[in-house]
Amino acid sequence: ILQLLEEKKLSLNDTITKYLSNLPEHYHKITIKQLLSHRSGLSPYPYYCHDMIDDKRKLIYNDTVLCIIGFHNPKPYYTPGKKYNYSNTNYMLLASIIENIEKERYVDVIHKRIVQKCNMKNSFVFDVKNNKIPSNLTLGHTNRNKTFELDYLDGVVGDKGFFSNAKDMLQFDQMLSRGKILSDSIMNLAFTPHNKVRHNKSYGLGWRINLHKELGKILYHTGWWHGNRSIYIKIPKNDYTVIILSNSIQGSAYNLNCILDEFNFPFT
């Protein structure tokens, strides 16, 4: 999305319905910026899809969710812009907006704009429409060490479905830091709090932000889906990056402060 912003193919103040015109009237008030910063107020699609999809043996896709939204108009949690509330629906909608602008599948756009550009050898958006399962696909495990099976929600992308390894993620990180993916001005916009700073924490455009008294601004994000857990941390002041990927949910969730305590970072 930020690459498209840089290329002037969209504006952060564009509303969703400029690109996804069949959504209910309420969506005319929600902007791309509100999706990126999780201020849309929208409820998470996995919750209402669970109630509205009868046959969960079949995969659903972004288009399926868009049809459900258009037909059922699930009630939002808040009015747009009222408050921060993380919702997977925001990133599902952003993926569909990308497809509308680029006239290509999200899978292919990410491969061209991110994976190939960063020379990532073992990274991909899992294309469930392709019957061939990648040989290096590693599925997550439950807290009882059972392998998670793919389910009906795994066809929806944008909020999940991207598989990688630590080496590839470091390659991405280095390209990002060198300004090879986005310009400095666009990155600074993404790394700026777009929500109130509370307890030294906020959310930018796609990034969680922690204002650490010694390490300065820390940029990070966590993730979880079907037993896969991750945390990606950038500390620009010292040029440190920490990447932790796991395919098990045993143990406690990743906590930024606990992880930082394990490292002896120089503070200058």
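Gln3 touches Arg113, Ile114, Lys117, Ile181 and Leu182, leaving out residues up to four places away in sequence; a contact here means heavy atoms within 4.5 Å. Gln3 sits in helix H1 (residues 2-6). Helices (H or I, at least four residues) and strands (E, at least two) are DSSP runs, numbered from the N terminus. Gln3 counts as buried because its relative accessibility is 10%. The cut-offs are under 20% relative accessible area for buried and over 50% for exposed, with partly exposed in between (1.4 Å probe, protein chains only).

Before going on, a word on what you are looking at. This is a predicted model, in which local features need pLDDT of at least 70 and side-chain atom pairs count only at pLDDT 80 or more, while totals for chains, interfaces and linings use all residues. Residues are numbered from 1 along each chain as its sequence is written, and side-chain values use heavy atoms, with hydrogens and water left out.

**The whole chain**

The protein chain has nine helices and seven strands. Its C-alpha trace spans about 55 × 40 × 35 Å along the principal axes. Of the 268 residues, 47% are buried. If you take contacts between residues at least 6 apart in sequence, 60% join residues at least 24 apart.

**Two pairs of helices**

Two packed helices are described by the angle between their axes and the distance between the axes. Here, axes are lines fitted to C-alpha atoms, for helices over the stretch in contact, and angles run from 0 to 180 degrees between N-to-C directions.

| Helix pair | Angle | Axis distance |
|---|---|---|
| H3 (residues 45-52) and H4 (residues 62-72) | about 75 degrees | 11 Å |
| H5 (residues 88-102) and H6 (residues 106-116) | roughly 80 degrees | within 9 Å |

H3 is therefore roughly perpendicular to H4, and H5 is roughly perpendicular to H6. The label covers angles of 65 to 115 degrees; under 35 is roughly parallel, over 145 roughly antiparallel, and the rest oblique.

Which residues make these contacts? In the pair of H3 and H4, Tyr45, Tyr48, Cys49 and Met52 of H3 meet Val65, Ile68, Ile69 and His72 of H4. This contact has seven nonpolar residues, one polar and no charged. Ala, Val, Leu, Ile, Met, Phe, Trp, Tyr, Cys and Pro count as nonpolar, Asp, Glu, Lys and Arg as charged, and the others, Gly among them, as polar. Tyr45, Pro46, Tyr48 and Cys49 are buried in H3, and the cover over the buried residues of H3 includes H4 and H5.

In the pair of H5 and H6, Ala95, Ile98, Glu99 and Glu102 of H5 touch Tyr106, Val109 and Arg113 of H6. That contact divides into four nonpolar residues, no polar and three charged.

**One more residue in H6**

Val115 also lies in helix H6. With a relative accessible area of 3%, Val115 is buried. Setting aside neighbours within four places in sequence, Val115 is in contact with Ile110, Met120, Ser123 and Phe162.

**Two exposed loop residues**

Lys8 belongs to the loop between H1 and helix H2 (32-36), and its phi is near 60 degrees, a positive value in a residue other than glycine. Lys8 counts as exposed at 75% relative accessibility. His199, in the loop between helix H8 (184-190) and strand S3 (201-203), has a positive phi near 55 degrees. At 76% relative accessibility, His199 counts as exposed.
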